[in-house]
Amino acid sequence: MSDIIYTKVDEAPELASASFLPIIQKFAAAAGVSVGTKDISLAGRILATFPDYLAADQRQSDDLAELGELVKTPDANVIKLPNISASVPQLVAAVKELQAQGYALPNYPETPETDEEKAVRAKYDGLKGSAVNPVLREGNSDRRAAKAVKSFAQNNPHRMGEWVADSKTRVASMSGDDFFSNEVSATLANAATAKIVLETAEGETVLKDGISYPAGTVVDATFMSAAALDAFLADEIAKTKEEGTLFSLHMKATMMKVSDPIIFGHAVKAWLAPVFDKFGDKLAALGVNPNQGLGALLAAVKDEADIMAAIEDVTAARPPMYMVDSDKGITNLHVPSDVIIDASMPALIRAGGKGWGPDGKESDTNCVIPDNSYAPVYDETVKFFKENGKLNPATAGTVQNIGLMAQKAEEYGSHPTTFEIAAAGTVKMILDDGSVLHSHAVQAGDIWRSASARKAPIEDWVNLAIARQKAEGTRAIFWLDANRAHDAELIAYVKPILEAQGVADKFEIMAPREATRASLETITKGENTIAITGNVLRDYLTDLFPILELATSAKMLSIVKLMNGGGLFETGAGGSAPKHVQQLQSENHLRWDSLGEFCALGESLTFLADAKGNEKARVLGEAVDAATQGILDNGHSPSRKVGEPDNRDSHYWFARYWAEALAAQTKDADLAAQFAPIAEALVAGEAAIIAELAAAQGVAADLGGYYHGDAAKTAAVMRPSATLNAIIG
Ligand code: MG
């Protein structure tokens, strides 16, 4: 096993790796540090899942499973780049591409009938959505802006849209009968096995059996009423029209891969309600599944003139929709994975509450977030900026995050225990001693789910928060709502630990809405705060605050403190990665910023030094920090425009600053001697390297595939400087 594992992923970050990884491997080797790779790309995971369909030389090892074991050991040191959380359309496209490349994979069975189809479908379902992070995240999360990154943002403040007091932008959520209001929760005194059953007039159906929980697990159950959701959506579509804003829906269909596509499907049906009323049977016969979005629906009915005419009539009567791509007519409701709440809401808030309409212009927007568990964070942020005007990134302090994440904590681990209810009845969670833990009366179509959080991760999370607060000395807030069932159980864990350690006075506990306001007030004053949150808010807040403070969340330091002593270093969001790939393919310019990789690399090397006593790794890591600072201070981050320096240029400068720092340092004479000639060569080659990199741009680039590119073709595109390649090898 290599000292450090660098993950092979998809899209823009993987293209960046084709240029950056050879540099890392060369520099690390000088310190005796080996850097290997493991393939967690969507294509790689598909190939590893279907060995029986492939020729022997096409088969691929299950690297994700291997990494899943590694992260449970103290030896883990993994740099994890953003990978695709596949929606069904992405999964189908990846399979098609692999089939065209000669991999005899089975088709994705839309409506599996035979046993074989059902087995294939189950395997594909395992690849859907966020299938990687839950396996790797065997620890809690520590995310913050590195000092160099934060001070750079303060000294070079990005543009922020103006917020005005009479902005019509608002957040709309259900008034009840949602996951938030129906939640019940209990902490198990003893280890238990549970089953989930649906009791109806016809009898009992077992929805899930054999769920085992260790003692101390917080187990929740809740549901969203389909009828209440439909009424809410119809009402909000009408109100949007009255208010003259854009209609938008913000979900997390990637991570919440069972519940959120269903809610998304309800929105598609609500939007086209008259069409579904009139042509429901025909749409079903055409194989339309509203959960897959308006795009798939339109493709399925494009030859049905009567349906198309009805859709046109409805669309004309609707308010304008928030667009993903107004030039191409891609709406919010086209693809469930296009608008992802933790990316879409911060972008809209940063833009002064504006979204893009079908006319290609910015407009105030009704932001529909049906469930109330976390919507108040965005609602309060919108209200705060309406009252106070936009945030000033030049003076704003920072919000760090300590997030409960380990062992599939909370909603993000709830997919196997989420069900769209088939018939009216009662859902019960029954423990092996026969006692009923939770019970809900439900109607057909309701979305019921159970989430849980285990004792060891909760305690580890509280201790991580205590350590972080001690290191920073700033305000620290647990974002927990004493009036929410699940949060009340967590508070019962948090308070005694804080008291036992004598630090209760260092922490506040506030509901998400109040914590949002308190945090915004704190950073507006130029002070810092730590948000200690559950798993969903970890995900949301580590985009919201960075996008306001730094213009992007891709530059955040993201460390997973693995519970068994290893380290997992994540490198930021992949939100706009597809657009980056399209630009590279059409004009050979990669705007991806590798700053997240730089920060993670520095942390990974320092961790290796601490964990293994490898002092050369420490010197390498310190030089990485100097190189990162050099990139920022000297303005060598990639430009967005073709013909200007891109990702590859930033890697040249990173290598140069890294080598210069290593040559200049005095802690390790051997490393200084090794890197002096490399630094000299990189300086001497500057003009040639920059010219060779620039000459590559402006033409189409062939990667040999989107999901499963050709390694040689990709390397040729991403390493176009013969001068640089000769130095790096
Ligand atoms: Mg996020």
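**View 1. Helices H17 and H18 make a right-handed crossing.** A crossing counts as right-handed if the near helix is turned clockwise from the far one by less than a right angle, and as left-handed if anticlockwise. The model is predicted, with local features needing pLDDT of at least 70 and side-chain atom pairs pLDDT 80 or more, while totals for chains, interfaces and linings use all residues. Residues are numbered from 1 along each chain as its sequence is written, and side-chain values use heavy atoms, without hydrogens and water. Helices are DSSP runs (H or I, at least four residues), numbered from the N terminus. The axes of H17 (residues 512-524) and H18 come within 13 Å and cross at roughly 25°; axes are lines fitted to C-alpha atoms over the stretch in contact, with angles from 0 to 180 degrees between N-to-C directions. H17 and H18 are therefore roughly parallel (under 35 degrees; over 145 is roughly antiparallel, 65 to 115 roughly perpendicular, and the rest oblique). From H17, Pro512, Ser519, Leu520 and Ile523 meet Leu537, Phe545 and Glu549 of H18, where contact means heavy atoms within 4.5 Å. These residues divide into five nonpolar, one polar and one charged. Ala, Val, Leu, Ile, Met, Phe, Trp, Tyr, Cys and Pro count as nonpolar, Asp, Glu, Lys and Arg as charged, and the others, Gly among them, as polar.

**View 2. The magnesium ion is coordinated by Asp342, Asp539 and Asp543.** The donor atoms are Asp342 (OD), Asp539 (O), Asp539 (OD) and Asp543 (OD), at 2.0 to 2.5 Å. Donors are N, O and S atoms within 2.8 Å of the metal (3.2 Å for Na, K and Ca); water is not among the atoms, so sites may look incomplete. Along the chain the donors follow the spacing D-x196-D-x3-D. Asp539 and Asp543 lie about one helical turn apart because they are four residues apart in helix H18 (residues 535-550). Asp539 is buried at 9% relative accessibility, and Asp543 is buried at 8%. Buried means under 20% relative accessible area, exposed over 50%, and partly exposed in between (1.4 Å probe, protein chains only).

**View 3. Helices H8 and H9 cross at roughly 50°.** The axes of H8 (residues 226-243) and H9 (residues 259-271) come within 9 Å. The two helices are therefore oblique to each other, and their crossing is right-handed. In H8, Ala226, Leu229, Asp230, Leu233 and Ile237 meet Ile263, His266, Ala267, Ala270 and Trp271 in H9. By class, this contact has eight nonpolar, one polar and one charged residues.

**View 4. Helices H22 and H24 are roughly antiparallel.** The axes of H22 (residues 647-664) and H24 (residues 686-696) come within 10 Å and cross at roughly 160°. The crossing of H22 and H24 is right-handed. Arg648, Asp649, Tyr652, Trp653 and Arg656 of H22 meet Glu686, Ile689, Ile690 and Leu693 of H24. The contact divides into five nonpolar, no polar and four charged residues.

**View 5. Asp487 is a buried residue in helix H16.** H16 spans residues 485-500, and the relative accessibility of Asp487 is 5%. Not counting residues up to four places away in sequence, Asp487 touches Trp479, Leu480 and Asp481.

**View 6. His589 is found in the loop between helices H19 and H20.** H19 covers 577-587 and H20 covers 595-612. His589 is buried, with a relative accessible area of 0%. His589 and Val699 are 110 residues apart in sequence, and their C-alpha atoms are 8.8 Å apart in space.
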